[in-house]
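I put down each thing I looked up in the order in which I came to it.

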Amino acid sequence: MTCDFYHQANKSVQSLQAYAPGKPISELERELGIDNITKLASNENPLGCSKKALEAARKALEDISLYPDGNGFALKTALANKYGLQASQLILGNGSNDILELVARAYLNEQSEAIFSQYAFAVYPIAVQAVGAKACISPVKDWGHDLSAMLALVTDKTKVIFIANPNNPTGTWLGEGELRQFLEQVPDHILVVLDEAYCEYVEESEYPDGLAFLAEFENILVTRTFSKAYGLAGLRVGYGVASETIIDILNRVRQPFNVNAPALAAAEAALSDGAFLSESRELNRKGLCFFMKSLGIRGLNAIPSVGNFIAIDFGERAQLVNDELLKKGIIVRSLIPYQMPNFLRVTIGTEQENILFFEKIDEIGLA
Ligand SMILES: *Cc1c(COP(=O)(O)O)cnc(C)c1O
């Protein structure tokens, strides 16, 4: 008898859907045999990364025969100094994705439940289901998190609540007042993960700094990343901030050398390059304006976004538009995996990339 290694897998893993990433440029190049492809699919920084970060990563390559600093001392110190934290409140991850998984591994099991919103980041269901916990999915309000609906799902099995602020793929965000009110109502033994992957882009005055909540609430973990505004997606580095106790627990299930040496060095250097971050933010602000204006002219609707991406409603033609854009060398993100089949998520690019996107949309036509 042959062994069935599908059914040998954990039940909860058998029903998992693998994460569908944006198509890599090299893959579309192979398929089309062309080479000037524009990728607006993965919310990467169109300006690349800080020169200082690149330089630091290159230098770190000289020592890659050595294990990296498993404690990430230098990067944690730089983060602690920048944000007024203790190093013991910080954990580093192989992307902030890594930290979301550490949370699931340390706090969830087959008996527990985690709450997150419909149309929230696709990694939450994967992390939760991978450890056999139950995913409780709250309905949205105007495409964004409905905090009272989330609260209504709390049971005595709830261990973790994931909130992305702003959210991906919708670009929606929560203000300081509503988030504070929510945190006051969440039972304080439930860990609230505030995923702030795009916080560096948000300029709304009502947008809360998740780190400021740490002084008031002990049940919060803020996660951030160097993948988006800092432009280091390929190196995989993110961080989590929480109480010493939570960080200690997460560290117990962390791989000893989860963040590689070039990533540690680049992230540390990136933190010190405020000019690059400002430039990225400014480009994004102008790009978002250009998108809103260009969409309006064409009678296209989008979900108002504060991130570096925008979910555009193409109605029933969304998949066709996606396919046509691919043929024209533009990669955007289908939101079928998010059960938003009428939407395409487009990353805000450089000025030229944004213009090109709308030129291609006009070629495809909207009729
Ligand atoms: C991109 C993203 C992340 C994490 O990305 P990493 O590259 O793993 O740091 C986390 N949350 C959201 C909502 C994201 O969009």
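What volume does the second largest cavity have? I noted about 40 Å³ for the second largest cavity. I am working from a predicted model, in which local features need pLDDT of at least 70 and side-chain atom pairs count only at pLDDT 80 or more, while totals for chains, interfaces and linings use all residues. Residues are numbered from 1 along each chain as its sequence is written, and side-chain values use heavy atoms, with hydrogens and water left out.

**Entry: cavities**

For the terms, I took a cavity as a set of points, on a 1 Å grid over the protein atoms alone, where a 1.4 Å probe fits but cannot get out, and a pocket as an open set with protein on both sides within 12 Å along at least five of seven lines; lining residues have an atom within 4 Å of a point. Grid points are joined across faces, edges and corners, and a volume is the space filled by probe spheres set on the points.

The search of the whole structure gave me 2 cavities of 30 Å³ or more. The largest cavity has a volume of about 50 Å³, and of the 14 residues lining it, Gly70, Gly72, Leu92, Arg254 and Asn258 are the closest to its centre. I sorted linings by class, with Ala, Val, Leu, Ile, Met, Phe, Trp, Tyr, Cys and Pro as nonpolar, Asp, Glu, Lys and Arg as charged, and the others, Gly among them, as polar. By that scheme the largest cavity is lined by 6 nonpolar, 5 polar and 3 charged residues.

The second largest cavity is lined by residues including Asn45, Tyr201, Ser280 and Ile348, and its lining has 4 nonpolar, 5 polar and no charged residues.

Of its 31 lining residues, Tyr19, Asn97, Phe121, Lys228 and Arg236 are the closest to the centre. By class, I recorded 12 nonpolar, 11 polar and 8 charged residues in the lining of the largest pocket.

The second largest pocket has a volume of about 460 Å³, and Ala122, Pro125, Pro337, Tyr338 and Gln339 are the closest to its centre among 23 lining residues. Its lining has 16 nonpolar, 6 polar and 1 charged residues.

**Entry: helix 14**

Helices (H or I, at least four residues) and strands (E, at least two) are DSSP runs, numbered from the N terminus. I counted residues as buried under 20% relative accessible area, exposed over 50% and partly exposed in between (1.4 Å probe, protein chains only).

In helix 14, I found Asn354, Phe357, Phe358, Lys360, Ile361 and Ile364 buried. Seen down the axis, these buried residues fall within an arc of 155° (taken from the directions from the helix axis to the C-beta atoms), so they line one face of helix 14. On the other side of helix 14, Glu351 and Gln352 are exposed. Helix 14 is followed by glycine 365, whose phi is positive, near 80°.

**Entry: helix 8**

Which residues of helix 8 (residues 176-185) are buried? I listed Leu179, Phe182 and Leu183. They cover an arc of only 100° around the axis, which puts them on the same side of helix 8. Among the elements that cover these buried residues are helix 7 (147-152) and strand 7 (158-164), with contact meaning heavy atoms within 4.5 Å.
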